[in-house]
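User: I would like to go through the terms used for this model and see what each one rests on. Please start with a strand.

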Amino acid sequence: MSATDATLPSAAGAVVARRIGIGLMYGLWRPRVLGAWRIPSAGPVILAGNHSHNIDGPMLIGTSPRPVHFLVKKEAFVGPLDPFLRGVGQLKVDRASADRAAIGQALGVLERGGVLGIFPEGSRGEGDFASLRSGLAYFAVRSGAPIVPVAVLGTAAPRCGDERARALPRLRSRVDVVFGDPFEAGDGSGRRTRAALDQATERIQKRLGAHLGTARRLTGRPDQT
C-alpha cells in the first residue's frame with residue numbers, strides 16, 4: 001500500500017521544516033532536549049509523542065536530530081497552510097476514516113528510510129497515552145521500523161483543576177523534550193492480524209506510558225504535560 005516516489009512527501013521539505021522548527025522553537029521558548037542520541041542516525045524510525053498542545057508537533061520537528069514527516073489532521077490543511085504544510089513534507093490524514101492515501105505515504109516514508117512522526121492518541125488530549133489507536137501498531141508492524149517514544153512536557157499548564165490551558169506557553173519558558181530507547185512493537189512473528197495489532201498496541205501503550213513516567217521524574221514535572 002506504500003506510495004510511489006512521486007507521491008511521497010518531500011524529504012527536502014522536511015529538512016526545511018526542521019530548520020524552521022529550530023528557529024521558532026528555540027527563538028520563542030527554551031527547549032531542553034534529553035536523549036536525542038537514542039534516535040537511530042539512519043534508517044526508518046517512528047517517533048511516537050504525547051500530545052497536549054498544538055505546538056507539540058513543531059517542537060518535535062525542531063528538536064529532533066533528523067527531519068520528521070508528521071501525520072497531521074486534515075483540518076489543519078486550510079488556506080495558505082495547505083501548500084505550506086505539503087511543501088515542508090508533512091502528511092495530511094483524515095482521522096475519521098481509513099485514509100489509504102495517508103497510510104501509503106506514511107509507509108513510503110519508512111520504506112525510504114525516513115522518520116515518521118505520529119501522535120498515537122489520535123488527537124490533542126491529556127497527553128498521557130491513556131488511549132491509543134491502532135495506527136501506530138500497524139505502521140510499526142508493517143514496516144518493521146523501531147518506535148522511539150517522546151515526551152513533550154511543559155507545553156500545557158494546569159488551569160482550574162483538571163482543565164488544561166490551550167494558550168501558548170509563556171515565552172522563553174522551558175519545554176522539556178525527552179526521547180526514549182527505541183523498541184520493536186511486534187512479537188517477532190510478523191503477523192498483522194487484528195489480534196496481533198491489538199497485542200502490539202497494548203505493548204506500545206505500556207512502553208510509552210513507562211517512558212512518560214520516567215520523563216516526568218527526570219525533568220521534575222510529576223504532574224505536567
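Analyst: In strand β6, I147, P149, A151 and L153 point one way and V148, V150 and V152 the other way, and all of them are buried. The model is predicted, so local features need pLDDT of at least 70 and side-chain atom pairs pLDDT 80 or more, while totals for chains, interfaces and linings use all residues. Residues are numbered from 1 along each chain as its sequence is written, and side-chain values use heavy atoms, with hydrogens and water left out.

User: What makes β6 "mostly covered"?

Analyst: Buried means under 20% relative accessible area, exposed over 50%, and partly exposed in between, with a 1.4 Å probe and protein chains only as cover. In β6, 7 of its 7 residues are buried, and for the chain the buried share is 48% of 225 residues.

User: How do you know that β6 pairs with β2 and with β7?

Analyst: Two strands pair if DSSP finds at least two bridges between them. β2 and β6 are joined by 4 bridges and run parallel; β6 and β7 are also joined by 4 bridges, but run antiparallel. Both therefore meet the requirement of at least two bridges. V150 in β6 is the bridge partner of G49, and the bridge partner of V150 in β7 is F179.

User: Why is β3 called largely enclosed?

Analyst: Strand β3 (residues 69-73) has 4 of its 5 residues buried, so the rest of the structure largely encloses it. β3 pairs in the parallel sense with β5 over 2 bridges, where F70 stands opposite G117. It also pairs in the parallel sense with β4 over 3 bridges, and there K73 stands opposite V93.

User: What makes the crossover from β3 to β4 right-handed?

Analyst: The chain goes from β3 through helix α3 (residues 81-87) to β4, and this β-α-β crossover is right-handed. The word applies if, with the strands pointing away from the viewer, the path from the first strand over the helix to the second runs clockwise.

User: What counts as a helix or a strand, and how many of each are there?

Analyst: Both are DSSP runs numbered from the N terminus: helices are H or I of at least four residues, strands E of at least two. The chain has 6 helices and 7 strands, in the order α-β-β-α-β-α-β-α-β-α-β-β-α.

User: What makes a set of residues a nonpolar core?

Analyst: Its members are buried Ala, Val, Leu, Ile, Met, Phe, Trp, Tyr and Cys residues joined through side-chain atoms within 4.5 Å. The largest such core has 26 residues, and among those with the most contacts inside it are L71, F139 and I204. A second, separate core of 24 residues includes I55, V115, V150 and V152.

User: Which residues does L71 touch?

Analyst: A contact means heavy atoms within 4.5 Å. Leaving out residues up to four places away in sequence, L71 touches L91, V93, A102, A106, L116, G117, I118 and F139.
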